[in-house]
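Hi,

Here is the structure I promised to pass on. Could you have a look at it before we next talk?

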Amino acid sequence: MIITIKPDDILKRGLWSEYRKFVLREKSEDEVIEIVEKNEPTTISEEDAFVVGLLKIIETDNLVHRFNLHIQDILQIKSNIFDDGL
């Protein structure tokens with residue numbers, strides 16, 4: 001499956017950091033800025049969409065909820081539990 005999406009849509013869904021890290025990893029900073037400014041539709045594979053988290057996103061206007069999920073994910077990855085505490 002091929003997915004067509006604009007950089008603006010990726011930014012709205014809070015997935016830009018993952019998209020930049022995994023999909024645009026070989027692009028220079030100038031090329032990335034140009035991609036965002038042009039905001040042209042681009043195609044990504046199903047595998048790339050899965051890696052950046054696009055396939056598990058539910059469309060919502062509640063950006064606070066998306067931010068909270070992102071922070072929770074970061075804390076779970078970087079936290080260790082000792083004596084029933086973080």
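Below is what I found in it, starting with the overall layout.

A quick note on the ground rules: this is a predicted model, so local features need pLDDT of at least 70 and side-chain atom pairs count only at pLDDT 80 or more, while totals for chains, interfaces and linings use all residues. Residues are numbered from 1 along each chain as its sequence is written, and side-chain values use heavy atoms, with hydrogens and water left out.

The chain has five helices and two strands, taken as DSSP runs numbered from the N terminus (helices are H or I with at least four residues, strands are E with at least two). Along the sequence they come in the order β-α-α-α-β-α-α. Of the 86 residues, 20% are buried; that word means under 20% relative accessible area, with exposed over 50% and partly exposed in between (1.4 Å probe, protein chains only).

Now the inside. The largest nonpolar core has twelve residues, among them Ile3, Trp16, Tyr19 and Val52. A core here is a set of buried Ala, Val, Leu, Ile, Met, Phe, Trp, Tyr and Cys residues joined through side-chain atoms within 4.5 Å. Strand E1 (2-5), helix H2 (16-22) and helix H4 (46-52) each put in at least two of its residues.

Two core members are worth a look together. Trp16 and Tyr19 are both buried, and both sit in helix H2, three residues apart, about one turn of the helix. They form a tilted aromatic pair, 5.4 Å centre to centre with 40 degrees between the planes. For pairing, ring centres of Phe, Tyr and Trp (its six-membered ring) must lie within 6.5 Å; planes under 30 degrees apart are stacked, over 60 edge-to-face, and the rest tilted. By that rule the count is one aromatic pair. Leaving out residues up to four places away in sequence, Tyr19 also touches Ile10, Leu24, Thr42, Ile44 and Val52, where contact means heavy atoms within 4.5 Å.

Then there is Ile35 in helix H3 (residues 29-38), which is partly exposed at 26% relative accessibility. Beyond its neighbours within four places in sequence, Ile35 contacts Pro7, Leu24 and Lys27. The C-alpha atoms of Ile35 and Pro7 are 7.4 Å apart, although 28 residues separate the two along the chain.

Finally, Met1 lies in the segment before E1 and is exposed, with a relative accessible area of 61%.

Cheers
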